[in-house]
Amino acid sequence: MSAEFVPAGFSPEDTRWMREALALAERGITTTQPNPRVGCVIVQAGEVVGRGFHARAGGPHAEVFALQEAGDRANGATAYVTLEPCAHVGRTPACAPQLAAAGVRRVVTAMTDPDPRVAGEGHGILRAAGVQVETGLLESEARWLNRGFLSRIERGRPWVTVKIAQSLDGRTALANGESRWITGEAARRDVQFLRARHAAILTGVDTVLTDDARLNVRLSPEELAIDGAVRQPLRVVLDSGLRLPPFAPIFDVPGDVCIYTRDVDAGIHHDGLTARGVQLVAAPQADSGLDLAFILRDLAQQDISEVLVESGPKLAGAFVDQGWVDELIIYQAPILLGHKAQPCLALPSPDRLDGAQRWQIRETLTVGPDLRITLVPIIDSSGATG
């Protein structure tokens, strides 16, 4: 990761409290979909008097919890908020007027909210009430925390993460298809936290049929450190011929399933799937399968902000090759499977080395005996990856 950038005009204390607000916001990382993750810290004379974070969509926002804890001590205080306070009334009241009414003297935010319902109006309400407003503190950290929400609002599509479990030589299964288990128990448990972070898990029908994949989160609320029930991600299956039978194990666990197919009325399984409550969506055909651009736009319209792709090498390779991948997470096991084993990605080879896709390592972490590598694409000046 690059060195932290702190804009001029902010003090070390400002940075300290905003970092605490970001840590609070992260506590909602598995529960706030489709809302952003937001934290708030209220400081009076160098002392924290109120803390809050947005825990669940439809519940109170971070600022409300912090104001409740601060009480009268919010008067004349500084509020540090990881995202511009909202200016609209939805399922909860607007936060910007509540901060002003509490007598908060100064509000420091990490970034402006790009949601058209806010987009500077929250800051405007505060300034009109005489509150000093400053923004841009630890903005890159705040944007990374809410990368899915921002992608859906700003680009009209979810943030796409492709997860791969591979050997040292980049193989995901033996030639006969055996892949259980390349990585160790610790890495497989870590994947459960990764699933919990995402609003949807996407795969191809062959993965579901071959592996009896369920693609659900198998952690308890205690393991996720949350109150209330575990939010199960939407399971998304790309099945052009509608081959997935209604008795597949994916339907034996809680959670919704959405299937994208060429023709929602075709196939012998149509009636059984609809009886199961499966959402069937017709998607146009592209050269290499169903149109991924259409599918991502449609998921965004369903308020899906983050998609985790757990699939075979062909579908994962299509996402990478077409430039839809924002984050690549590789769990690498210290084993060798040989050149006849199946590759992690089915990609066309470039004619020249300078035409190869290049990625930037954002983080490496040891998970049990394995290594987790998080990468993001390198974007050139034209906006293309590589």
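Two strands count as paired if DSSP finds at least two bridges between them, where strands (E, at least two residues) and helices (H or I, at least four) are DSSP runs numbered from the N terminus. Keep that handy for the tour. You're looking at a predicted model, where local features need pLDDT of at least 70, side-chain atom pairs count only at pLDDT 80 or more, and totals for chains, interfaces and linings use all residues. Residues are numbered from 1 along each chain as its sequence is written, and side-chain values use heavy atoms, leaving out hydrogens and water.

**Stop 1: the sheet.** Select the 9 strands that make an open, mixed sheet, in the order β11-β10-β9-β8-β14-β6-β15-β18-β17. Now pick out β11 (279–282) and β17 (359–367): these are the edges, and each has a single partner strand, so one side of each has no neighbour in the sheet.

**Stop 2: one pair up close.** Show β15 with β18 (residues 370–377); they run antiparallel and are joined by 5 bridges. Click on Tyr-331, and you'll find its bridge partner in β18 is Arg-372.

**Stop 3: a helix on the sheet.** Next comes α6, which packs on the sheet and touches β6, β14 and β15 (contact means heavy atoms within 4.5 Å). Select residues 147–155 to see α6; its buried residues are Arg-147, Gly-148, Phe-149, Leu-150, Ser-151 and Arg-152. Buried means under 20% relative accessible area, exposed over 50%, and partly exposed in between, using a 1.4 Å probe and protein chains only. Their cover includes α5 (139–145) and α7 (185–197). Just past α6, stop at Gly-156, where phi is positive, about 75°.

Key. Axes are lines fitted to C-alpha atoms, for helices over the stretch in contact, and angles run from 0 to 180 degrees between N-to-C directions.
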